[in-house]
Amino acid sequence: MNNGRLLAALLAAATVALVVIGTVWPARSAVAYATGKGLMDSSSTPQEAVTNLGEEIRSQAWEKAYAGLANKAQFTEPEFVHDLTGYYPSLLTYSTLDKFEVRPLHASADEAEIELKLYWATVVGSSVSKRDLHVIRNGDRWEPEWPIAKEPIVPPQVIAVNYLRWDVIYPSSGDDWGAQNVEAPHVRIVDMHPVERADGVVILGELLNEDVVPAYVSATATLLSKNEVPIATEGSFDKISHLLLPKQVTPFFIKFPNVSLSDVGSIRMTPMSALIAASADPVIEIENEHLHPAPEAFLTGQLVNQSGQIVNVAHVLGTFYNRAGQVVWVADEYIDTALLPQNPVPFEIHIPEDLARNVSSQRTVIATYSSGGSQ
Amino acid sequence: MRTRLPFLLSTMALSMIQLALAQDDRGLTLPKTVEAGSAFSIQCPGSGKAVLYIVGLGQALKRDVELGGTIFFPAGSLSNSGHYLAALERSSSAETGSFDVVPATKPAELSFLAKPSRVPVGLQDGITGAVYVFDVFRNLVAVPTSVSFELSSPSGTVQKRTVTTREGSAWTVMDSTAQQGIDRFVARVDEISSARIIGQVPGDPCELKMSARQSGQKLLLATDPVRDCNGNAVPDGTIVTFTEAYNGDQSTVDVPLKHGIGEVQMAVHNGATISVASGIVLGNQVRWEK
């Protein structure tokens, strides 16, 4: 009993002591968060100036960040904020800056080039963007110039859109047993291939909607041991284009962490499909796709929204094939800016170097989301 | 001798139980079977008052009766088919018996399951129909009943089958025809019928063909009207993929058919090879030279 009281008294004393220490001698990062000031005491070097800017962006101190820019006369504060968070609702609109990295590229007595790498925390994971900042000396201070990307201007025009849309009427609960129903779309797995990776097994494949109506699809795989005992079951989650129009094909990617392919006797695939109300628009063109070979191994291209409506989020899914036409890898990237009509937006999908050497061709599909739901 | 004795004792005991039960039933005269919904009667000999209970699946009747007469039950008293227990409770004793209520022989309703709701054209045995025959009280009619199936296709052809039910159900298979449209699938028993709609939809595109022409700074690519191998127009919304390969790069676009054709504008690249596909069907290739 006495020991318990002694422990409680010690803990209380330690807590009070730590609170006092933290208040009297606060950590620099805590001061930065509490006061809105930068981590650096000054901007006496180019790195410090860019680091301060990064901290201000992270704490969304837009006014302070804008005030510290050398080229603020070239744009307004709202333009600066929209450049970072998007002019139209997009992934960045609902994200925060998780962390950033500062890397000096070049420096002289009066000016410097600094790379600022921003890691945004979005609803679909981390999104990385990179800006090269020109930093200039102004007296004893350094001030960064923000490389503003102004709002893309879509030329006034009329885009004829012949909306094609499917709606579904389901049977009501009052219908008798045996009354007519509309059945789920017919989908088929046209390719499936397991690949062993360092962190587990992945199942790659392609799913075809062979029906004449749109389908909401997903794929589930169950790994069975050599004794036909289930090892694990996983779904494709977002590594698939969930909306498939008639005769459309999507890749899928199902990951089984911490599983060895040598333990797997067979794989049970379960494609799921359901009727869904859908529209045939928007149409997205994938322009200038270029497969960069290993060791870098990535696919670049541009998305062009050929429709009149703004696409808020685009999901790029790349399927990579070997010479035999077999799926070698599936990779994806979310585009963090909105797709405006006729306005090209670049994308870059990375491929593991060891697999990239087997890649002979590729196919890219785009899943789009517009505000107000999947169109 | 020792082994026979238990056998003889058990046989005698069983006989005594059966005799006692027979004496219990002797008072009640029950019909062996009653058709669902029809009138029936039960004779209750003796004198005085008693209570008659009839209990079956989802249905129970209770009557105060005067013994020594016949109890009449009007039509509609028992409607659920199944095995029923009758119990006559006197002041000092009780008698029990049982009888069956069987479905009415006249069908009154059909449950018709037709699959699928959409079927590709030209598919042998692609359409199935199953019928369950019920009487007016929704009892499954177990007596063999003749069911006629009739599938009218958009081209006007009619497929007919006649199947006799077994244990209340009958089923058949039909072929989808070559022309897309709406099939009317009817099952009929006497004057009772039930209809279902089957959509015959086009198959995969056949001989997918595309042409290219320059329009300003763009290349206008358009397919011919896309049809399946039976000549049916592939429905609008079907995805056609155009791929333009040039200098090691490529551009692709998935376009939905509108008004029967797939049409898109892509950048002009001299020497580009342009191909078209829909699902797993490949179309022609065009090499673009200025």
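A word on the model: it is predicted, so local features need pLDDT of at least 70 and side-chain atom pairs count only at pLDDT 80 or more, while totals for chains, interfaces and linings use all residues. Residues are numbered from 1 along each chain as its sequence is written, and chains are lettered from A in the order in which they are written.

Chain A has six helices and 19 strands, taken as DSSP runs (H or I, at least four residues, for helices; E, at least two, for strands). Its radius of gyration is 27 Å, well over the 21 Å of the globule rule for 375 residues, so chain A is more spread out than a compact globule. The radius is taken over C-alpha atoms, and the rule is 2.2 Å times the number of residues to the power 0.38.

| Domain | Residues |
|---|---|
| domain 1 | 24–145 |
| domain 2 | 165–278 |
| domain 3 | 281–369 |

The C-alpha centres of domain 1 and domain 3 of chain A lie 30 Å apart. Even so, ten residues of domain 1 are in contact with seven of domain 3, contact meaning C-beta atoms, placed from the backbone, within 7 Å.

How values were computed:
Domains from an automatic or database assignment. Contact = placed C-beta atoms within 7 Å.
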